[in-house]
Amino acid sequence: DFQNTPITRAQLDALRADPPAWLTDLRRNGPFPREVTAAKLGIFHSGLRRSGVTEPLNADQVGELLTDPPEWLVHERQVHRKVIAENARLKEQQKG
């Protein structure tokens, strides 16, 4: 019902200010959008796609991946760190 009913800006602001229990639970336990899942795993959004993760993950699934990371996650985290470091290096280089 919630997904099929348009809401106003005021209603959205009210939901943000005092979220119902189901929304609080959804934010805490998921399932999470790709961007949130990728951030929780410490990888890029594209890393999820490359690894074949196509469905939203919940908190338990993300926790399992972090506890016992598969090879693809280890690799994608390395890629993420390298890209971040390279971007920082290039930014510093442009300053000087």
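Of the 96 residues in the protein chain, 17% are buried, a class that requires under 20% relative accessible area, with exposed meaning over 50% and partly exposed the range in between (1.4 Å probe, protein chains only). The structure is a predicted model, in which local features need pLDDT of at least 70 and side-chain atom pairs count only at pLDDT 80 or more, while totals for chains, interfaces and linings use all residues. Residues are numbered from 1 along each chain as its sequence is written, and side-chain values use heavy atoms, with hydrogens and water left out.

The protein chain has six helices and zero strands, where helices (H or I, at least four residues) and strands (E, at least two) are DSSP runs numbered from the N terminus. The radius of gyration of the protein chain, taken over C-alpha atoms, is 18 Å, well over the 12 Å that the globule rule (2.2 Å times the number of residues to the power 0.38) gives for 96 residues, so the chain is more spread out than a compact globule. Along its principal axes the C-alpha trace spans about 50 × 40 × 20 Å. The chain exposes about 7,300 Å², of which carbon and sulfur atoms supply 54%, as computed by the Shrake-Rupley method with a 1.4 Å probe. Among contacts (heavy atoms within 4.5 Å) with a separation of 6 or more, 54% join residues 24 or more positions apart.

Glu76 lies in helix H6, residues 71–95, and, leaving aside residues up to four places away in sequence, it touches Ile43, Gly47 and Arg50.

Most peptide bonds are trans. The bond from Gly30 to Pro31, however, is cis, with omega near 15°, and Pro31 is placed in the loop between helix H2 (21–29) and helix H3 (34–41).

The structure also holds one cavity of 30 Å³ or more, a cavity being a set of points on a 1 Å grid over the protein atoms alone where a 1.4 Å probe fits but cannot get out. About 40 Å³ of space lies in the largest cavity, the volume being the space filled by probe spheres set on the points, which are joined across faces, edges and corners. Its lining residues, those with an atom within 4 Å of a point, include Phe32, Pro33, Arg34 and Thr37, together with Leu48, Val53, Thr54, Glu55, Pro56 and Leu57. This lining divides into six nonpolar, two polar and two charged residues.

Notes
On a 1 Å grid over the protein atoms alone, a cavity is a set of points where a 1.4 Å probe fits but cannot get out, and a pocket is an open set with protein on both sides within 12 Å along at least five of seven lines; lining residues have an atom within 4 Å of a point. Ala, Val, Leu, Ile, Met, Phe, Trp, Tyr, Cys and Pro count as nonpolar, Asp, Glu, Lys and Arg as charged, and the others, Gly among them, as polar.
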